[in-house]
Amino acid sequence: MDFDFTEDQNLLRQSVRDFARAEIAPHAQQWDKEERFPIELVPKLAQMGLLGIRIPEEYGGAGLDTTSYVICVEEIARIDGALALTIASHNGLGTGHLLARGTEAQKRKYLPKAARGEWLAAWALTEPGSGSDAAALRTTARREGDEWVLDGTKTFITQGSVCGFCVVLARTNPDVPQQRGITAFIVDRGTPGFACSKHMLKLGCRASDTAELSFENVRIPDGQRLGDLDCGFADTMRILDGGRISIAAMALGLGYGALDMAVRYAKERKAFGKPIAEHQAIQWMLADAKVELDAAALLTYRAAWLADRGVRHTKEAAMAKLFASEASTRACNSGLQVHGGYGYVREFDIERHLRDAKLCEIGEGTSEVQRLVIGKYVLAG
């Protein structure tokens, strides 16, 4: 067993950490306050290779493995969950689906622009009436000659209003069981009938663009169909395995970031004649957070290791996402408690980390859904 990262991965971690401190940390609080997606940062993210982490070099990406991808998301999340979510969604969902099921023509059309930051990718599965029960989606796609016509509404879509293209899951066959009649399509921004109908105002990750999308008589050629007809749901489940690893990485970064803040504050703040770091109550909170986050890291990087080897990792991704998200929320909450009253005001970043961390227990499948997934594997022996 080898728990070491490679030299290249350690250099990558330091490079992304330096970038996040220089380009994101000075502005994260303001972006959160304004609830504004920092579109001006996109070229810098692309230049750092963060928008093409998994995209092969032949399409202009960095062609890195899943473990390196986790490192990138984790390091960005130490500073800002909103930007980590942007990177995770763009790489793991939108371009991830294209990488997995796209034709060569589709890959050459979309992936180079995605890697360069010219087009951000969105992935539209969730609807107002279908979240955890994803197969109950009601957006439809009907065939008319060589075209498909899409109608419906999607919600909670990351990059929804700023994307260059969106992968949309729609029902193509109402006469078969729900999970067998769904197909994915690529819809370009600007396609008539495709619109952002509402921007979502959120508790956390406020600098991440989240929108409700509408599709009204959206016509696209069959060449925009992604994957096999009526097989989109099975593809979606595999895409979500990778998405859950990235959310675990985001949770990990937020938790470690909160722990770093708490440690610094505990060493500086004095109470009863000494730094509060010397009080046992504070030490125990820090110790518990460290233990849980390190355990979460082991689960997360194990799932990434399996993914890099082409091994089915549905259970391991669910376990990593479940434990890391809940451990992160606890670490952020403890970090805020260490800060006392100062943790409750926006002058300190710790409260933003707690708000951002909560998303990790919901996005890419709630904690309850993860327990259902894991439970099925446990019962199956």
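A polar contact is a pair of N or O atoms within 3.5 Å, where within protein one atom must be able to donate a hydrogen and the other to accept it, and where residues adjacent in sequence count only if both atoms are side-chain atoms. The model shown is predicted, so local features need pLDDT of at least 70 and side-chain atom pairs count only at pLDDT 80 or more, while totals for chains, interfaces and linings use all residues. Residues are numbered from 1 along each chain as its sequence is written, and side-chain values use heavy atoms, with hydrogens and water left out.

**View 1. The side chain of glutamate 351 makes a polar contact with the side chain of arginine 355, at 2.8 Å.** Glutamate 351 lies in helix 9, helices being DSSP runs of H or I with at least four residues, numbered from the N terminus.

**View 2. Glutamate 351 counts as buried because its relative accessibility is 12%.** Buried means under 20% relative accessible area, computed with a 1.4 Å probe on protein chains only. Leaving aside neighbours within four places in sequence, glutamate 351 is in contact (heavy atoms within 4.5 Å) with Leu336, Gly343, Val345 and Arg346.

**View 3. Glutamate 351 and isoleucine 79 are 272 residues apart along the chain, and their C-alpha atoms are separated by 12 Å.**

Note on methods: Helix = DSSP H or I, 4+ residues; strand = E, 2+ residues; numbered from the N terminus. Buried < 20%, exposed > 50% of the residue type's maximum accessible area, 1.4 Å probe, protein only.
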